[in-house]
Amino acid sequence: MNLFQSIENIIKKHNEILPFSGAILVQKQGKAFEQGYGYANRSERIQNSSYTRFGMASGCKIFTSIAICQLVQDGVLSFDSYLKDCLDFSFPNFDPEITIHHLLTHSSGIPDYFDEEFMNDFEELWNDLPMYSIQSPKDFLPMFQNGQMKFSPGERFSYNNAGFILLGLVVEHRTGMEFTEYVEKNIFQRCGMINSGYYRMDQLPERTAIGYIDNDDKTWKSNIYSVPIKGGPDGGAFTTVHDLGRFWDALFNHQLLSQEYTNILLTPHVKDNDQTYYGYGVWILMLDNTIFKYYVMGSDPGVIMQSSVYPKSNLHAHIIGNINKGAGMIASKIDEVIYKEL
């Protein structure tokens, strides 16, 4: 049985238990397996395909990291620059020793507006603050800028969305451009990601999947009131599995950063657990003391994704869905198949 047949069987078995809704693209040496599953629009029964656009949630933190690395590469900024020297906003309780590096590696210790160590319902954020009021990075500031530090900078890894909001504000401050405009011009356009963007939830373009939240009683609703109306530095861009392939190709071919800064981005800077490390905006899985894969992942109400590159196998696996489950489970099974082939 060849690799693509094995992957097809993995997805078939998964769908027998928990039907996936989204798109999958696996690429290796010019050959590909690609398939859409479920509906992009359930009401109109429009099916998903490998050319459907999906939300990325936190999967696009890597774009924010690349934007920062581009500014460092250009001499506009340093990884050791202090946050207090980069922004004019007030952070009365923040440690003055917080650096750009700390923010990139989730080790700053700042309070988060959605702390995944203690919170699990992203929708609750909008009970008091309307999601339609969140239209730019600065709109997030009242949710965390006056909070207390969780720990001293550099003490440990603690996944932090607010840190990437601050990085986006640094990009805006140093370039004079809106964050989303900067990424679309300096990352998406360079990669040829013509079907990617930070679209407003109330202005989605053609071939964009609606995100669905399934309830235990078999009912469902769309996620239009469950996420910010427009994505930003910590998540919320839309893309396709094909554009993800273009992105990784451009990154590894040094179209976005020089080899030196690509290597810095992909360095395992901080440890999350025994096998999982974090670079700058990218997760790194280490097996047998070597890098098994680089990956980004994201989850929001009605959004699930994982996009992986296996350097030894020269293989890409991109999984994006418009439901809450499935991408991580499918990705872990693909990991097992690829590991056996090494």
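Which residues line the largest cavity? They are Ser-58, Gly-59, Lys-61, Ile-62, Tyr-159, Tyr-278, Gly-281, Trp-283, Val-296 and Met-297. The model is predicted, so to speak of local features pLDDT of at least 70 is needed, side-chain atom pairs count only at pLDDT 80 or more, and totals for chains, interfaces and linings use all residues. Residues are numbered from 1 along each chain as its sequence is written, and side-chain values use heavy atoms, with hydrogens and water left out.

**Cavity and pocket**

A cavity is a set of points, on a 1 Å grid over the protein atoms alone, where a 1.4 Å probe fits but cannot get out. A pocket is an open set with protein on both sides within 12 Å along at least five of seven lines, and lining residues have an atom within 4 Å of a point. Grid points are joined across faces, edges and corners, and a volume is the space filled by probe spheres set on the points.

The structure holds 1 cavity of 30 Å³ or more. Two elements, α2 (61–73) and β12 (290–300), each supply at least two residues of the lining of the largest cavity. Helices (H or I, at least four residues) and strands (E, at least two) are DSSP runs, numbered from the N terminus.

The second largest pocket is lined by 15 residues, and the closest to its centre are Leu-18, Pro-19, Arg-42, Asp-214 and Ile-323. In the table, Ala, Val, Leu, Ile, Met, Phe, Trp, Tyr, Cys and Pro count as nonpolar, Asp, Glu, Lys and Arg as charged, and the others, Gly among them, as polar.

| Space | Volume | Lining by class |
|---|---|---|
| Largest cavity | about 40 Å³ | 6 nonpolar, 3 polar, 1 charged residues |
| Second largest pocket | about 520 Å³ | 6 nonpolar, 4 polar, 5 charged residues |

Two strands pair if DSSP finds at least two bridges between them. Strand β10 (residues 276–278) runs antiparallel to β11, joined by 3 bridges, and Tyr-277 has Ile-284 as its bridge partner. Their hairpin has 4 residues between the strands, and Gly-281 there takes a positive phi near 80 degrees.

On to β12: β11 pairs with β12 in the antiparallel sense over 5 bridges, and Leu-287 has Thr-290 as its bridge partner. This hairpin has 2 residues between the strands, with Asp-288 at a positive phi near 55 degrees.
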